[in-house]
Amino acid sequence: MALFDSKVPCPYCYTRINVSKLAYRCSGMKAAGKDTCEPAVDARRQDHFTDGQPRLPVITAPDGSDLLGRNSVECGTCGSTQNFRVCPECHHELPHGFGPDSPLFGLVGVRGSGKTVLLSALHRELEGPVAARFRGSVSTVGQSKLVDSFETWARALSTGGSLPDQTAAVGIGRDAKQTPAVYEWREPRTVARISRDRATVLSFYDNAGEDVSTQDAVLSRAYLAASSGMVLLLDPFTFPENLRRAEERRVELPETGTPESVLDAITYLLRAAHGVKQSRKIKQPLAVVITKIDAFFDQIPAEHPLRQPSSTAPAVSRAELQTVHDHVALMIDQWGGSGLLRKLDANYESFRLFGASALGSEPDYAARRAGDRGFLPHRVAEPVLWLLAERGIVQAVD
Ligand SMILES: Nc1nc2c(ncn2[C@@H]2O[C@H](COP(=O)(O)OP(=O)(O)O)[C@@H](O)[C@H]2O)c(=O)[nH]1
Ligand SMILES: [Mg+2]
Ligand SMILES: [Zn+2]
Ligand SMILES: [Zn+2]
């Protein structure tokens, strides 16, 4: 069946893989009278993620290549039959619901745009309020140092701790390739009266888009090519009319260019990744998020949805999306970003503007500490929910 021959990107290495030709890692549940398989360093994991942890072997054919199949293959050494599906390229275990119709959504932003703090906030929101709101479940897949780091940041920020250190974060990204944080979104659905679970995969790696002009670009390009929708973070302080406010508040501005040049770089990569001609618009939906919106609350009426907490209704409201989009467009225009708006219009078939605050209030930028109010994420999940609604995965109402 064509469906089973379709190629879907691996959420860990972004290689397009055939879902009916997966590799399998031995579960170690040996059959009676057989030899036992022993854990060893997996060269593919080592290559892709600098992960040298010994693991049970991936099952190979007599010629030494990985034995591939749609359903679990038997381990020739120990006879185990219930083995784990792994990506034939990077050997990472695949999410339970990974299949031919698994869309993958990602997030990019330049250095300083607020990725680490926002992803830490998103981690909390997805597993808590969002899962409850949509009566679904959101879970992380496998062990991930990155997910552990989100939990550590969230805890530290809640208790008045320091903000992430830029240089350290960049160092980790450069020397060791991190495993992305992968979430599986499952929602009970009823299709033709048969209820089945459908899974959507969210794959985030913390330095995606940090440096669109250097070596990171290779991974960024694969990531952009693999994604069926993207969240792009933009730092409001980097708009021409806000530079003064940035200076007054002692916001440290990394030299990453204007929001317009950031969008140009991402558009260029997206066009290349998806092979979109200059005369056509990019089809993949783009959620453009103005981060740190708390620092601009004075420009939003108190009763506006942008200042209100997220809805608790189990559906996305199109009217609210539009109200938020319109107000953010107005702000961007006043900040000297009309060129950015025109570029979005010219290059994207479907884009939406959002405002979010990971911290909920302004930090002491120079001292790198969260404010007294701590860590109160505000509307960080909305962009992801919109992408899910665009794919019909969560309900949208007028
Ligand atoms: N006002 C405000 N500032 C933020 C917020 N999130 C991050 N920041 C600021 O932006 C800086 C960079 O954030 P970070 O998450 O490390 O950005 P990254 O380089 O993209 O990972 C932080 O040190 C804070 O000064 C927020 O929600 N509100
Ligand atoms: Mg960071
Ligand atoms: Zn892979
Ligand atoms: Zn075995």
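A residue is called buried here if 20 or more other C-beta atoms, placed from the backbone, lie within 10 Å of its own, exposed if 12 or fewer do, and partly exposed in between. The model is predicted: local features need pLDDT of at least 70, side-chain atom pairs count only at pLDDT 80 or more, and totals for chains, interfaces and linings use all residues. Residues are numbered from 1 along each chain as its sequence is written, while chains are lettered from A and ligands numbered from 1 in the order in which they are written.

**V262**

V262 counts as buried because 23 C-beta neighbours lie inside 10 Å. This residue sits in helix α8 (residues 259-274); helices (H or I, at least four residues) and strands (E, at least two) are DSSP runs numbered from the N terminus. Leaving aside residues up to four places away in sequence, V262 touches V110, L234, T256 and G257, a contact being two C-beta atoms, placed from the backbone, within 7 Å. R111 is 151 residues from V262 in sequence, and their C-alpha atoms are 11 Å apart.

**The chain as a whole**

The protein chain has 11 helices and 15 strands. Buried residues account for 41% of its 398 residues. Of the contacts between residues at least 6 apart in sequence, 75% join residues at least 24 apart. The C-alpha atoms fill a box of roughly 75 × 50 × 40 Å along the principal axes.

**Helix α9**

The 17 residues of α9 (residues 318-334) should span 24 Å at 1.5 Å a residue, and the end C-alpha atoms are 24 Å apart, which agrees. The expected span is 1.5 Å times one less than the number of residues. V324, V328, M331 and I332 are the buried residues of α9. They cover an arc of only 100° around the axis, so they lie on the same side of α9; the arc is that of the directions from the helix axis to the C-beta atoms. On the other side, A319 and D326 are exposed. The elements against which the buried residues pack are tabulated below.

| Element | Residues |
|---|---|
| β12 | residues 286-290 |
| α10 | residues 338-347 |
| β14 | residues 351-355 |

After α9 comes G336, with a positive phi near 85°.
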